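The following paragraphs lead the reader through one protein chain, from its overall dimensions to individual residues. Please keep the sequence and the coordinates in view while reading.

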Amino acid sequence: MNFENLNLSKYLCDQLKAVGVNSPTEIQKNCIPKILDGIDCIGCAKTGSGKTLAFALPILQKLWEEPYGIFALILTPTRELAYQIADQFAVIGKPKNLRHCVVTGGMEMIVQARELSNKPHIVVSTPGRLADHLESCDTFSLKRIQFLVLDEAG
């Protein structure tokens, strides 16, 4: 099985090949088609199994069909994981000028608020810092998000 069999766009399949990802993992085979069909999905797999791409690829495919402001919100418990997830989105989305931002503690709220006001496509955040922004800023809205991912939720 390859990524084309999962109904991913040629662009995404070509980008995956360019970064050396040649075949889908089990979690990707099980989740990508469901997410593309609009079905909520819960995935559980070991570290290194490709969980991030299992949700990132269908999000990116749907984003390129109708690109606009904040399209997806990924919540994750740690700053380190937020940056790892954002890096994967950045690598796959770079040729299409994906705009993303990371919202975690340890960075200036004002800088993050500016990034959020620029309407990135993807926001990767820790819950506490996102709550801080929602309570103190009126520079962005989550009303139109199409995807909510709770990573490492259990």
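**Overall dimensions and fold**

For a chain of 154 residues, a compact globule would have a radius of gyration near 15 Å, and the chain agrees with this, at 15 Å. The model is a predicted one. Its C-alpha trace spans about 45 × 30 × 25 Å along the principal axes. Of the 154 residues, 44% count as buried. The chain exposes about 8500 Å², and carbon and sulfur atoms supply 51% of that area. Where contacts join residues at least 6 apart in sequence, 62% of them link residues at least 24 apart.

The secondary structure comprises six helices and four strands. Followed along the sequence, these elements give the pattern α-α-α-β-α-β-α-β-α-β. For residues 1-29, UniProt carries the feature "domain: DEAD-box RNA helicase Q", in an unreviewed entry; such annotations may be inferred rather than shown by experiment. In the model, residues 1-29 are 45% helix and 0% strand. The end C-alpha atoms of this stretch are 9 Å apart.

Helix α6 covers residues 127-136, and its buried residues are Arg129, Leu130 and His133. These residues cover an arc of only 100° around the axis, which puts them on the same side of α6. An α-helix has 3.6 residues a turn, so residues three or four places apart point the same way. On the face turned away from the buried side, α6 carries the exposed residues Glu135 and Ser136.

What do the buried residues of α6 pack against? Their partners are the strands β1 (72-75), β2 (100-103) and β3 (122-125), together with helix α5 (109-117). Histidine 133, located in α6, has a relative accessible area of 0% and is therefore buried, the cut-off being under 20%. Leaving out residues up to four places away in sequence, histidine 133 touches Val103, Met109, Gln112, Ala113, Leu116 and Phe140.

**Two loop residues with positive phi**

Attention now turns to the backbone. Most residues other than glycine have a negative phi. Asparagine 97 is not a glycine, yet has a positive phi of about 55°. It lies in the loop that connects α4 (79-93) and β2. With a relative accessible area of 60%, asparagine 97 is exposed, since the term applies to values over 50%.

Lysine 119 likewise has a positive phi of about 55° without being a glycine. Its position is in the loop between α5 and β3. The relative accessible area of lysine 119 is 52%, so this residue is exposed.

Where does glutamine 146 lie? The residue belongs to the loop between α6 and β4 (147-150). Apart from its neighbours within four places in sequence, glutamine 146 is in contact with Tyr68 and Phe71. The C-alpha atoms of glutamine 146 and isoleucine 59 are separated by 8.6 Å, although the two residues are 87 residues apart along the chain. Within its own part of the sequence, the side chain of glutamine 146 reaches the backbone oxygen of arginine 144 at 3.2 Å.

Definitions and conventions. Residues are numbered from 1 along each chain as its sequence is written. This is a predicted model: local features need pLDDT of at least 70, side-chain atom pairs count only at pLDDT 80 or more; totals for chains, interfaces and linings use all residues. Side-chain values use heavy atoms; hydrogens and water are left out. Buried means under 20% relative accessible area, exposed over 50%, partly exposed in between (1.4 Å probe, protein chains only). The arc is that of the directions from the helix axis to the C-beta atoms. Contact means heavy atoms within 4.5 Å. The radius of gyration is taken over C-alpha atoms; the globule rule is 2.2 Å times the number of residues to the power 0.38. Accessible areas come from the Shrake-Rupley method with a 1.4 Å probe; for residues, only the protein chains shown count as cover. A polar contact is a pair of N or O atoms within 3.5 Å; within protein, one must be able to donate a hydrogen and the other to accept it, and residues adjacent in sequence count only if both atoms are side-chain atoms.
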